[in-house]
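Dear colleague,

Please find the structure below for your records.

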Amino acid sequence: MNKNMIITGLIIFVLAVLSPFWFNIITTIEAAPKPELLGNAKEEKKCVLEKYDMRANHPSLLDEWRDSVVRDSDRQYKAANGHTFEMSLSTGKNSCLGCHEDKAKFCDSCHTYASVDPYCWECHTNPKEIK
Amino acid sequence: MMEKSRRSFLRVAGIAAIGLGVSPAMNFASSDSNGAAVAVKGKNEQALIAKRWGMVIDTSKLNKEINEKMIEACHKAHNVPDFNHEVDKGKYPKTRPVNHKQEIKWIWEEHFPYAFPDKEDEFLAEKFHDLPFLVTCNHCKNAPCVQACPTKATFKREDGIVIMDFHRCIGCRFCMAACPYGSRSFNFRDPRPFIAETNPDFPTRSKGVVEKCNLCAERLSKGELPHCVEASEGAIVVGDLENPESEVRVILKEQYAIRRNEALGTEPSVYYIM
Amino acid sequence: MLEIAIKGSKNYWLWIVFLLLVMGAGFAVYIDQFMNGLMITGMSRDVSWGFYIANFTFLVGVAAGGVMVVIPYYLHNYEKFHRITILGEFLAIAALIMCLLFIIVDLGQPTRMLNVLLYPTPNSMLFYDMLVLNGYLFLNIVIGWKVLEAERNQVEPPLWTKPLIYLSVPFAIGIHTVTAYLYCGLPGRGYWLTAILAPRFLASAFAAGPAFLIILCYIIKKFTKFDPGWEAMQTLAKIVCWAIIANLFFFLCEVFVVYYSNIPSHKTHLQYLLFGYHGYHALVPWMWSGLIMMFTGAFLLVVPQFRNNKTLLPFTCALIFFGAWIDKGLGMISGGFVPSPLHHVTEYTPTGPEIMITLAVYATGFLVLTILYKLATQVKEEVRG
């Protein structure tokens, strides 16, 4: 095995590892869709977390919530801003989907863009989708 | 020399990689502490509470019709799939035929010799023999399923309810082997095609997790009684077994009640008045 | 050392390709199980563990059986086992890998497997099973590898392997004891609720493991230039003999207790397995063939003329190995579930897909075993030549 072969191998390896970047250079990048606030959510103007905190930390917040509800049987969340919410994805008016009525525009558009597929909806249901 | 520098390089690279992995966790942990106001979690005000929930079933008030009503109320509200339900081929085109032995049930009818196999008696009065008993999870004080679960997905709440965290269950089915009452069902397949009408207020389950009666924890938290109690026309009463004044204790003081397979020491919380 | 594994005869490669094909076919079926759930198996609400867990249980025994060569060699300096000790340790590695795979294919939510580590639960026997199985696997890999490497370099193995070797002895007993505890601590399952279960598991393990090792010695002798030694195989045969007799004795103790005490919740399971229950008797022919195989095997090993017969011995060992497999693999798990705690009878038979996945797990184990044995035999040939 000589030096040239090793270096060629390394170059090929580095090129392959960086392939997502090459892919993004040759394809056009769409801007990330903004979650739309519609219906109730638009009028209420208050949520469980601040906007930026929410963007960054909503998965861990939901993880915390499900432990509270299932394991500690705590179902009410009094947010830092003083408002109280139901710790639920979809049950009742005071839940996530109770306020953000359009799941497609609030959850899915971003998740699809970021190619994440949270398994919440394997069990939880969007009330709007049930005929 | 060459050897040495390669090793130290690898070591530094390794430490750097660990650092990269840890930093997001550190950031998140530290971001919690500097907020001014802190969020608080709590229970609903109207929630029904008990030290240890228990159930008394008056067997003289059970009959086929009432049983069916109770079972339907429970299974409908909790999105329990019915394998006899005709699958909507448009919505679920690739559904394979069912194996009825893999069915799911939270509360169901069972005749006396099966509900109480330890009380086998060839001279058992016919009225008892043919009586359609209703069986469900016993929410045992010493629950073998809780002991067996390797992830605490099945656990005992402070109020005595034995409940499942479907998010955490790995589907090892150790709890099913442990349960001496056959109260647990496993989702051998996606249940959704077999749910006639999904109740949006309760999740369905995904394939690969175990499920069972949760004593309607979601209703108790809103101050409502379990579905079976509501549909039972007085045949089922729930209450606090630790409170001598509670309705269940008052009944137990006056009438003779038995529990399923008491010899095992599991201390079931479901009583049957004979 | 691994470079040895990529140089082999045509037959060696044909065998490897065959194993890879079986693994591939089984993996394709597993994808279906992964996507659609365990509905593709014959398991049910009443019989919630089946072929996967049964084979898991049996293979834990095969893995533990490896200690039957480790104890005489390392604790009693029994020199005759010098050549085959590594074979016992490598057999344990392959068996343990199959065990872990069987657990994984049995999970309803395999992607959440690590929850067992994330939420450690010391009151669950599965927690300890995970610890001892992985511990024993780790010990055997380290010990086997280091000892073989030392042999290749013709030096003494490093001193620190000694305590690990001694530690591996209680671990071997531990894996099968804890595996028995998975079952025998459950209140509602009369068939398993017996203190003899762990000893019985160990006895059948110390029979099945060494019996398989003897068969492997024959295969090695036929296909390589390495000779494990007839005297070592004779000693192994004696171990198998006493272990299988102990297993049968424990079984008969169980039969006595169950039938003489006449307690229904304990009796019905054995009744179902041996004679059928309420018209259900799918396992009766299996159980009797298993028993006949084990009894015949024990007889053929007790009588010196039969035990010393070089042509007969591998067949005797096969009888014992398959007898123990039926007893533990087919009977032990299904038997515990039939009838159910409510005394309903739901029978269980594995489905085609379930058998295919099982075969693929076995193929994976045999692949690991082939490669490890190739290393071991080649190194030993080199050293001698």
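How many disulfides are there over all chains? The count comes to zero. Please bear in mind that this is a predicted model.

Two cysteines illustrate the result. A:Cys96 takes part in no disulfide, and the nearest cysteine sulfur, which belongs to A:Cys47, is 7.5 Å away. A:Cys96 is partly exposed, its relative accessible area being 22%. In chain C, the closest cysteine sulfur to that of C:Cys241 is in C:Cys317, at 11 Å, which is too far for a bond, because a disulfide requires the two sulfur atoms to be within 2.5 Å. C:Cys241 is buried, with a relative accessible area of 2%.

I turn now to the interface between chain C and chain B. Chain C brings 42 residues to the contact and chain B brings 47 residues. About 3,800 Å² is buried between the two chains, and carbon and sulfur atoms account for 55% of that area. On the side of chain C, the residues that lose the most area to chain B are C:Met39, C:Arg45 and C:Leu342, which together make up 23% of what that side buries.

As for polar interactions, 30 residue pairs are in polar contact between chain C and chain B, both residues being at pLDDT 80 or more. The side of chain C that touches chain B consists of 21 nonpolar, 15 polar and six charged residues. Two salt bridges are counted between these chains. One of them joins the side chains of C:Asp32 and B:Arg96, with an N to O distance of 2.6 Å.

Yours sincerely

Notes:
Residues are numbered from 1 along each chain as its sequence is written. Chains are lettered from A and ligands numbered from 1 in the order in which they are written. This is a predicted model: local features need pLDDT of at least 70, side-chain atom pairs count only at pLDDT 80 or more; totals for chains, interfaces and linings use all residues. Side-chain values use heavy atoms; hydrogens and water are left out. Buried means under 20% relative accessible area, exposed over 50%, partly exposed in between (1.4 Å probe, protein chains only). Contact means heavy atoms within 4.5 Å. Buried area is the accessible area (1.4 Å probe) that two parts lose on being put together, summed over both. A salt bridge is a side-chain nitrogen of Lys or Arg within 4 Å of a carboxyl oxygen of Asp or Glu. A polar contact is a pair of N or O atoms within 3.5 Å; within protein, one must be able to donate a hydrogen and the other to accept it, and residues adjacent in sequence count only if both atoms are side-chain atoms. Ala, Val, Leu, Ile, Met, Phe, Trp, Tyr, Cys and Pro count as nonpolar, Asp, Glu, Lys and Arg as charged, and the others, Gly among them, as polar.
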